[in-house]
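Here is a short briefing on one protein chain. Look over the sequence and the model before reading on.

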Amino acid sequence: MRITVCPSATAASARAVRRIAAALHRDPSLVLSLPTGRTPIEVYDGLARLVARGRLDFSRAVTFNLDEFVGLAPDDPRSYRAFMGRHLFDRVGLPRRRAHVLDGAARDLAGECARFERAIEAAGGIDLSLVGIGLNGHVGFNEPGPGLVAATHRVKLTSLTRRANAKPFGGDPRRVPREALTMGIGTILGARRIVLLATGRSKARVVRRSIAGPVTTWLPASFLQLHADVEFVLDRDAASRLG
Ligand code: PGA
């Protein structure tokens, strides 16, 4: 495991941008997996700037998003599909057929998860996965619990996660969907390279436990310790509890 501590959140985001840009330069048909949330927004801004300056090309890239809320149609502005459109896909000209986001409004959700797994396999697997970390140690929407599911699946969200995601729902956690679809921990660990980006003091404790604590289903991010090529990219605040 590599741990990179950057002087600020902006510098940490720039580090993630450089990792993605370098990989995309090496392989224009790179298969990426991408997160939503506050943390990656600066990364997406940085990638969009490179594309605008003609220094990066997403036209052959393929992406798979980590998760989506159950019950939100792809064109619902609160959906993760819409978030990705606004922050990345529309700005970098990524063709929709190459930008895979789980459909949380699909009639057959189990079938949708299976279809997503098949699409990842058909793309040749994920080359580089950018992930965030929740305050409770979730990766994607793999929430802490007595067990983890390996493949893409439907999951019940914890109240902490619903609170953390309340903003687009008028700030009311009760309006946040109770369920989501998420890549499983096995699918995430199947990526050839993983970059975890965490910024801010609120993440310091969970970052320390993920890196230095035991591997446990009660802290899904701790499973990243099992991966051969993972980099934790942190700002000073997120790294402040590392020894
Ligand atoms: P955040 O979300 O970037 O908004 O903190 C991270 C996550 O929940 O994975």
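L242 sits in the segment after strand 10. The model is a predicted one: local features need pLDDT of at least 70, side-chain atom pairs count only at pLDDT 80 or more, and totals for chains, interfaces and linings use all residues. Residue numbers start from 1 along each chain as its sequence is written, and side-chain values use heavy atoms, with hydrogens and water left out.

**The end of the chain: L242**

- L242 counts as partly exposed because its relative accessibility is 22%. (Buried means under 20% relative accessible area, exposed means over 50%, and partly exposed is in between, with a 1.4 Å probe and protein chains only.)
- L242 touches I3, V207, R208, I211 and L234, leaving out residues up to four places away in sequence. (Contact means heavy atoms within 4.5 Å.)
- From L242 to A122 the C-alpha separation is 39 Å, and the two are 120 residues apart along the chain.

**The chain as a whole**

- The protein chain holds seven helices and 10 strands. (Both are DSSP runs numbered from the N terminus: helices are H or I with at least four residues, strands are E with at least two.)
- A compact globule of 243 residues would have a radius of gyration near 18 Å, and the protein chain agrees, because its value is 17 Å. (The radius is taken over C-alpha atoms, and the globule rule is 2.2 Å times the number of residues to the power 0.38.)
- The C-alpha trace spans about 45 × 40 × 35 Å along its principal axes.
- Of the 243 residues, 56% count as buried.
- Among contacts with a separation of 6 or more, 77% join residues 24 or more positions apart.

**Surface and charge**

- The protein chain exposes about 10700 Å², and carbon and sulfur atoms supply 51% of that area. (Accessible areas come from the Shrake-Rupley method with a 1.4 Å probe; for residues, only the protein chains shown count as cover.)
- There are 37 positive and 22 negative charges, and their mean positions are 5 Å apart. (Lys and Arg count as positive, Asp and Glu as negative; His and the chain ends are not counted. Each charge is placed at NZ of Lys, CZ of Arg, CG of Asp or CD of Glu.)

**The loop between strand 6 and strand 7**

- G137 lies in this loop, between strand 6 and strand 7.
- G137 counts as buried because its relative accessibility is 0%.
- G137 touches V206, L219, P220 and A221, not counting residues up to four places away in sequence.
- G137 and P220 are 83 residues apart in sequence, yet 5.7 Å apart from C-alpha to C-alpha.
- G147 is also found between strand 6 (128–131) and strand 7 (153–156).
- G147 counts as partly exposed, because its relative accessibility is 46%.

- A212 has its place in helix 7 and counts as exposed at 61% relative accessibility.
- A212 and S222 are 10 residues apart along the chain, with their C-alpha atoms separated by 8.4 Å.
- T217 is in the loop between helix 7 (204–212) and strand 10 (230–235).
- T217 is buried because its relative accessible area is 18%.
- Leaving aside neighbours within four places in sequence, T217 is in contact with E143, P144, G145, P146, G147, L148 and F223.
- The T217 side chain reaches the backbone oxygen of G145 at 2.6 Å.

How values were computed. A polar contact is a pair of N or O atoms within 3.5 Å; within protein, one must be able to donate a hydrogen and the other to accept it, and residues adjacent in sequence count only if both atoms are side-chain atoms.
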